[in-house]
Amino acid sequence: MRKEATLAMLQPLRCSSCVKGMQRVSAEHQTRVTTGKVKELVDALCASMDRKFHRKEYNTVLSETTILDPRFKKLAFNDNRTVDEALQRITAAAARFSQSTPLPGGHEGEEAAEHEQEEPQASAVWRFFEERATGDTTRRNPSSDAIMEVRSYLEEPLFQRIADPLSWWATKSSVYPRLTRVMARRLCIVATSVPSERIFSKTGQIITDRRNRISTSKLRQLVFLNANLY
């Protein structure tokens, strides 16, 4: 494999944990390899990764995404100041979300309305308690709640590396409602351009010399179906 092709393959691997793992493996091989050409290749890889990835953990999006991944959290960082800055941004973002705001696609408001319709008399009996509970909720400080969620999240044990982090968040969404909303805007970021490149390639396969008068809207629908139906 050519050296340039090998370096190009490393570009999509932007996760801080992946970068640290690749650098460690390359450094180990750098001390073991004795063959001239192979050592030259390993040295070039190590130098290129040091040059391209040395400030990877200072990237705002990648640092926040890594912390919100329950498999890694703070393990992928070397600079504690970077961790503190990322945690401050995550806490500020979590504080901006109100706990009463439903999750994307959630049905909390609909369920509450149905519950009130089912038990109108019972809700009247418990009106005093509900008023007290609502008053306590409105007096709570969103910043303090966000700080407590972040601290509690960091104290959780790490999730298995080969497991799906979204499944962890699905089970913890009620425990960390604010962080879950922040996570939904961070972990949705695709770390590689392969899916979009596949769509471009498929578009070129749909439009051919014998099928060159297809409308733009029809082409968009065909590409959408091909990308989302398995």
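**Exercise 1.** What percentage of the 230 residues of the chain count as buried?

*Solution.* The model is predicted: local features need pLDDT of at least 70 and side-chain atom pairs pLDDT 80 or more, while totals for chains, interfaces and linings use all residues. Residues are numbered from 1 along each chain as its sequence is written, and side-chain values use heavy atoms, with hydrogens and water left out. Buried means under 20% relative accessible area, exposed over 50%, and partly exposed in between (1.4 Å probe, protein chains only). By this criterion, 27% of the 230 residues are buried.

**Exercise 2.** State how many helices and strands the chain has.

*Solution.* Helices (H or I, at least four residues) and strands (E, at least two) are DSSP runs, numbered from the N terminus. The chain has 13 helices and 0 strands.

**Exercise 3.** Determine how H10 and H11 are oriented to each other, and which residues make the contact.

*Solution.*
1. Axes are lines fitted to C-alpha atoms, for helices over the stretch in contact, and angles run from 0 to 180 degrees between N-to-C directions.
2. The axes of H10 (residues 165–172) and H11 (residues 177–184) come within 10 Å and cross at roughly 150 degrees.
3. H10 is therefore roughly antiparallel to H11 (under 35 degrees is roughly parallel, over 145 roughly antiparallel, 65 to 115 roughly perpendicular, the rest oblique).
4. With contact taken as heavy atoms within 4.5 Å, H10 contributes Leu 166, Trp 169 and Lys 172, and H11 contributes Leu 179, Thr 180 and Met 183.
5. Count Ala, Val, Leu, Ile, Met, Phe, Trp, Tyr, Cys and Pro as nonpolar, Asp, Glu, Lys and Arg as charged, and the others, Gly among them, as polar. The contact of H10 with H11 then divides into 4 nonpolar, 1 polar and 1 charged.

**Exercise 4.** Locate the buried side of H10 and the helices it packs against.

*Solution.*
1. Pro 165, Trp 168 and Trp 169 are the buried residues of H10.
2. These residues cover an arc of only 95 degrees around the axis, so they lie on the same side of H10; the arc is that of the directions from the helix axis to the C-beta atoms.
3. The buried residues pack against helix H9 (142–155) and H11.
4. On the face turned away from the buried side, H10 carries the exposed residues Ala 170 and Thr 171.

**Exercise 5.** Describe the packing of H5 on H11.

*Solution.*
1. The axes of H5 (residues 80–95) and H11 are 8 Å apart, at an angle of about 110 degrees.
2. H5 and H11 are therefore roughly perpendicular.
3. Ile 90, Ala 93, Ala 94 and Ala 95 of H5 meet Arg 178, Leu 179 and Val 182 of H11.
4. This contact has 6 nonpolar residues, no polar and 1 charged.
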